[in-house]
Amino acid sequence: ITINQNNPRIFYFRSFMHLIMGEREKMFNDLRKTIRLDPEYFEALAQLGFQLYVNGDYDEAEELLNRANAINPDYALTLITRGRLLLKQELFDLALENLNLAATLSQTNYDAYIYRGKTYQALGDYESALEDFEKAITIYDHFENAYIARAMLYFDMGLIEKAQSEVDEIN
């Protein structure tokens with residue numbers, strides 16, 4: 001099959017196939033090609049930013065996420081990933097700003113609630129953190145990260161038996 005080498009969408013969607021097949025270098029190449037062809041393709045900027053975040057390349061991830069956000073400030077993936085980066089940098093107010101907007105725009109995105117809950121936990125607002133972890137579980141009750149996050153919160157709260165019970169139920 002011959003593809004149109006000037007169509008950024010082809011490379012963007014093909015990048016997901018490479019991701020699924022575990023071909024991360026090819027995925028990165030296709031996302032970069034997408035952005036070269038269309039520097040305003042905010043979904044590609046956000047996806048590449050997210051993948052770079054996962055790889056630990058936080059500086060380039062932040063740059064791409066900021067570019068994506070400047071183009072479309074209401075894209076949940078960008079907001080959640082930026083929130084995660086800001087949480088990692090302990091910039092809690094900015095993390096909450098991004099994650100609050102993501103939760104408002106995408107009320108069924110459990111990641112928005114997990115990372116906002118983790119931000120609240122880092123701030124010592126355990127009640128809000130617990131509400132967010134429980135919201136994530138309500139959205140998707142097979143999301144083990146939500147249960148683990150809630151168990152860690154119980155541990156931070158000094159509720160060791162409740163934390164242990166939560167961990168035991170994950171099996």
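What we have is a predicted model, where local features need pLDDT of at least 70, side-chain atom pairs count only at pLDDT 80 or more, and totals for chains, interfaces and linings use all residues. Residues are numbered from 1 along each chain as its sequence is written, and side-chain values use heavy atoms, leaving out hydrogens and water.

Let's start with the rings. A search of the whole structure finds six aromatic pairs; rings of Phe, Tyr and Trp (its six-membered ring) pair if their centres lie within 6.5 Å, with planes under 30 degrees apart called stacked, over 60 edge-to-face and the rest tilted. One of them is F42 with Y75, an edge-to-face pair at 5.1 Å centre to centre and 80° between the planes. F42 sits in helix α3 and Y75 in the loop between α4 and α5, so this pair ties together parts that are 33 residues apart in sequence. Helices here are DSSP runs (H or I, at least four residues), numbered from the N terminus.

Is F42 buried or exposed? F42 is buried, at 17% relative accessible area, while Y75 is partly exposed at 22%. Buried means under 20%, exposed over 50%, and partly exposed in between, using a 1.4 Å probe and protein chains only.

Now to G49, also in helix α3. G49 has 0% relative accessibility, so it counts as buried. Beyond its neighbours within four places in sequence, G49 is in contact (heavy atoms within 4.5 Å) with A61, L64, L65 and T81.

Methods: Helix = DSSP H or I, 4+ residues; strand = E, 2+ residues; numbered from the N terminus.
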